[in-house]
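Dear colleague,

Please find below the structure that I am handing over to you, together with its sequence. My notes on what was found in it follow directly after.

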Amino acid sequence: MTFPDDFNWGAATASFQIEGASRDGGKTPSIWDTFCETPGKVFGGHTGEVACDHYHRYQEDIKIMKDLGIQSYRFSLAWPRIIPGGTGQSNMHGIDFYNRLIDSLLEAGIQPTATLYHWDLPQSLQDNGGWANRDIVQQIADLATVAAENFGDRVANWVTINEPWCVSWLGYYIGVHAPGIKDLDSAIAASHHTALAHAEITRALRAVRPEIRSGITLNMTSYRLDDDENPELLKLRDLQDSNLNRWWLDAQIKGEYPENLVDFYGERLEKVVKPGDMDRLKIDSEFLGINYYSDSFIGTPTEQQVAKNEGTFIFPINSNGEPPLPHTDMGWPITPQGLEHLLVRIHKDWPELEELAITENGAAYGDEPDENGKVNDERRVDYLLSHLASVSRAIDRGAPVKSYYYWSLLDNFEWAEGYTKRFGIVYVNFETLQRIPKLSANVYSKVIASNGSVLEHVKKS
Ligand code: FCB
């Protein structure tokens, strides 16, 4: 058996990336609407106004999933649809959209997995500091209460926050994601507030429905050094590992932050951690969601990089130690064995985690329909199969992986890259909004139907 009998095969999306209808049904602007309107932030000035128009075409998308045999669908709730003011009054139009979506999924025999926060923060909350302002913790816990009250009877699995590292560091330090702030104190505050928010969201969901299963989704990687003997590089690697892989896990499991970062942040962190916070961080979650795209390579920083980062450790990932490898259209190296390595490491370092879910894994390739209208995305097929083989080897080595969600069901709005990077197993024509399942969709469908056993030959090779 390559995968356990009850293994869960899914596909993932996120509200802002697919829904469109950015002003329909009482929805207010999110920080991504604002970011898209800010010149120079998003490729080609692309916006989320129409996206895949999933808001109006969700039935068609569910039919595609049903035909492929997809067993669960991870989507996210747009906060500005549900509570347009960010806090206070909830909005029946927005809630009804998700009710229709969830009911249609269940009718099609597809399990809904809801992500509470996948980056589309109401702009009004950002106007008060967003994730850098501690008020966000209570505000998002209130959103969780509304979500559990309205959807908790039908949605069993909840992701609290998607990739808090990206929220904090891409949004508030590097500034390439909304809200586009570049400030170390804000990023450290956001790192703490997202960790605290995960715990408070979990409590809020449980207070409404104790049977809800939830977990945070982290983007994780294995760091590889071009010189394993260099003490400076090892120190850099450990700081980056703490910043990306350990921060939110140590918080929820141990009620601690990694010591090397606590020392590094010093007073900046002390300013935002209030008495009692460290106890509140600790929470048992039913699963951990992992988003994996590639390993990261760390080479000796150039003088320029050191100067640019004013002596702090390097953000974003310093990739000058990278060996020649094939890349996806994102420029990300293809390292399937890294997923096995990461899963085994997680199982070893945090044995408390009883269930791991791959909540995202996928590749961007720009294949277009050929003269027969077929999209032969063979490179995506290779990526998918090699990464699944890696998951299966990790399971053989004891990692408790119970689900896999391919990113993404549809080609969609890829954040700062706009519509130029296609991750879907389903092609979307952004002019006509026509959907065409790609070769990878058909291959994934066979993988699902055989519960992974069509992978045997990949696994052995
Ligand atoms: C992840 C995001 C997801 C998608 C993929 C490619 O960081 O969670 O929304 O954009 O990257």
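Predicted model: local features only at pLDDT ≥ 70, side-chain atom pairs only at ≥ 80, totals over all residues.

Ile334 touches Leu325, Pro326, His327, Thr328, Tyr365, Tyr383 and His387, where residues up to four places away in sequence are not counted and contact means heavy atoms within 4.5 Å. This residue lies in the loop between helix 14 (303–308) and helix 15; helices (H or I, at least four residues) and strands (E, at least two) are DSSP runs, numbered from the N terminus. Ile334 counts as buried because its relative accessibility is 18%, buried being under 20% relative accessible area, exposed over 50% and partly exposed in between (1.4 Å probe, protein chains only). Its C-alpha atom is separated by 22 Å from that of Arg397, 63 residues apart along the chain.

Residues are numbered from 1 along each chain as its sequence is written, and side-chain values use heavy atoms, with hydrogens and water left out.

The ligand site

Which residues are around the ligand? They are Gln17, His118, Trp119, Asn162, Glu163, Asn291, Tyr293, Glu360, Trp407, Glu414, Trp415 and Phe423, a residue being near a molecule if one of its heavy atoms lies within 4 Å of it. This shell divides into 5 nonpolar, 4 polar and 3 charged residues. Here Ala, Val, Leu, Ile, Met, Phe, Trp, Tyr, Cys and Pro count as nonpolar, Asp, Glu, Lys and Arg as charged, and the others, Gly among them, as polar.

For Glu163 the distance is 2.5 Å, for an N or O atom in the side chain of Glu414 it is 2.6 Å, and for Trp415 it is 2.9 Å. A polar contact is a pair of N or O atoms within 3.5 Å; within protein, one must be able to donate a hydrogen and the other to accept it, and residues adjacent in sequence count only if both atoms are side-chain atoms. Of the 290 Å² of accessible area that the ligand has on its own, the protein covers 95%; accessible areas come from the Shrake-Rupley method with a 1.4 Å probe, and for residues only the protein chains shown count as cover.

Backbone features

Most residues other than glycine have a negative phi, and most peptide bonds are trans. Trp415, although not a glycine, has a positive phi of about 45°. It lies in the loop between strand 10 and strand 11 and is buried, because its relative accessibility is 4%.

Pro179 is placed in the loop between helix 8 (164–174) and helix 9 (184–208). Pro179 is one of the residues touched by Gln126, which is found in helix 6 (residues 123–126). Gln126 is buried, with a relative accessible area of 9%.

Helix 15 (residues 337–349) has 13 residues and reaches 18 Å from its first C-alpha to its last, close to the 18 Å expected at 1.5 Å a residue; the expected span is 1.5 Å times one less than the number of residues. Its buried residues are Gly338, Leu339, Glu340, Leu342, Leu343, Val344 and Ile346. What covers them includes strand 7 (288–291), strand 9 (356–360), helix 16 (378–396) and strand 10.

In helix 17, Ser440, Ala441, Val443, Tyr444, Ser445, Val447 and Ile448 are buried. These residues pack against strand 1 (8–12), helix 3 (54–68), helix 16, strand 10 and strand 12 (435–437). Helix 17 is followed by Asn451, whose phi is positive, near 45°. Asn451 is found in the loop between helix 17 (439–449) and helix 18 (456–460) and is buried, with a relative accessible area of 12%.

Yours sincerely
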